[in-house]
Amino acid sequence: MSTPLTWLYVPGDRPERFAKAAASGADVVIADLEDAVAPADKDSARAAVADYLAARPGGPPVHVRINDGDRGRADLAALAGLPGLSGVRVPKVESAAGLDTITADLPDHLRVHTLIESARGIAALDEIAAHPRVAGIGLGEQDLVSALAITAPAALDHLRLRAVLAAAAAGLPAPAMSVFANVRDEAGLLAGTRHGRELGMFGRSVIHPRQVPVVREAFAPTGEEVERAREIVRAADATGARGALALPDGTFVDQPIVDRARRVLDLAARLSG
């Protein structure tokens with residue numbers, strides 16, 4: 001499967017929304033048992049998600065964001081063996097040792113996506129990303145901004161770049177961006193997502209189906225990018241070289257640039273379908 005571009009959260013206590021989320025066009029649906037569910041509704045939400053996973057007829061992969069601590073372990077005990085579960089999103093991760101505890105009883109095919117939401121988590125980003133059960137890392141930006149009293153956009157970008165570097169060093173996909181809370185501000189979502197793309201992030205978590213096409217638009221290569229990528233790939237295919245090669249305009253490019261051009265074309269084809 002291609003790296004997911006859109007990850008749609010749906011509250012675990014709103015089972016009437018599960019089918020709509022699956023039909024939204026999102027690459028992954030995340031049934032949320034944590035922040036989206038009030039404490040009094042946690043048990044009923046878990047039961048609703050379990051029923052859905054047990055009977056899910058198909059559609060996009062479904063992940064579950066579990067709670068933290070003992071309740072999260074209870075979530076996994078109830079859900080990990082169900083056939084419809086494709087992955088687990090673990091909140092408030094602060095160490096690789098903590099992940100050892102969470103993943104000890106997980107089936108081998110289930111890997112986890114970690115959310116880093118504290119200073120301790122940021123300090124341990126590299127070891128968390130390198131954990132053998134981790135399939136991806138992401139930032140809980142709202143929690144981080146609050147905990148660290150961040151007000152400057154450059155400070156948040158620094159944390160995003162830390163996550164990009166940690167993921168790349170561990171051989172993981174680039175981290176997806178955190179949610180954009182204002183579901184009516186599509187212009188702000190588009191601009192902010194394009195900015196995240198410039199930082200090396202890929203994809204975004206969303207909280208409403210209307211945000212899915214906006215994120216896809218933000219990551220879609222421009223016509224100019226596609227044409228340049230075609231030019232690079234044509235030159236590489238014509239020579240068969242895997243080293244530096246000269247383009248018709250005199251620019252020299254090497255293999256990493258060719259590989260990136262192929263990814264641009266693959267993404268353009270994926271988003272045009």
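In the predicted model, helix α2 (residues 42-55) packs against helix α3 (residues 69-79) at an angle of about 25 degrees, and their axes lie 10 Å apart. Helices (H or I, at least four residues) and strands (E, at least two) are DSSP runs, numbered from the N terminus. Axes are lines fitted to C-alpha atoms, for helices over the stretch in contact, and angles run from 0 to 180 degrees between N-to-C directions. The helices α2 and α3 are therefore roughly parallel to each other; angles under 35 degrees count as roughly parallel, over 145 as roughly antiparallel, 65 to 115 as roughly perpendicular and the rest as oblique. Residues are numbered from 1 along each chain as its sequence is written, and side-chain values use heavy atoms, with hydrogens and water left out. Because the model is predicted, local features need pLDDT of at least 70 and side-chain atom pairs count only at pLDDT 80 or more, whereas totals for chains, interfaces and linings use all residues.

The crossing of α2 and α3 is right-handed, that is, the near helix is turned clockwise from the far one by less than a right angle. Residues K42, D43, R46, V49, A50 and L53 of α2 meet R71, A74, D75, A78 and L79 of α3, contact being defined as heavy atoms within 4.5 Å. Six of these contact residues are nonpolar, none is polar and five are charged. Ala, Val, Leu, Ile, Met, Phe, Trp, Tyr, Cys and Pro count as nonpolar, Asp, Glu, Lys and Arg as charged, and the others, Gly among them, as polar.

An open sheet is formed by seven strands in the order β6-β5-β4-β3-β2-β1-β7, with parallel pairing; two strands pair if DSSP finds at least two bridges between them. Strands β6 (134-139) and β7 (204-206) stand at the edges with a single partner each, so one side of each has no neighbour in the sheet.

Within this sheet, β3 (residues 62-65) pairs with β4 (residues 85-90) in the parallel sense over four bridges, and V64 stands opposite V88 in β4. Strand β2 (residues 28-32) is likewise parallel to β3 and joined to it by four bridges, with A31 opposite V64. Both faces of β3 are covered, V62 and V64 on one side and H63 and R65 on the other being buried (under 20% relative accessible area, with exposed over 50% and partly exposed in between; 1.4 Å probe, protein chains only).
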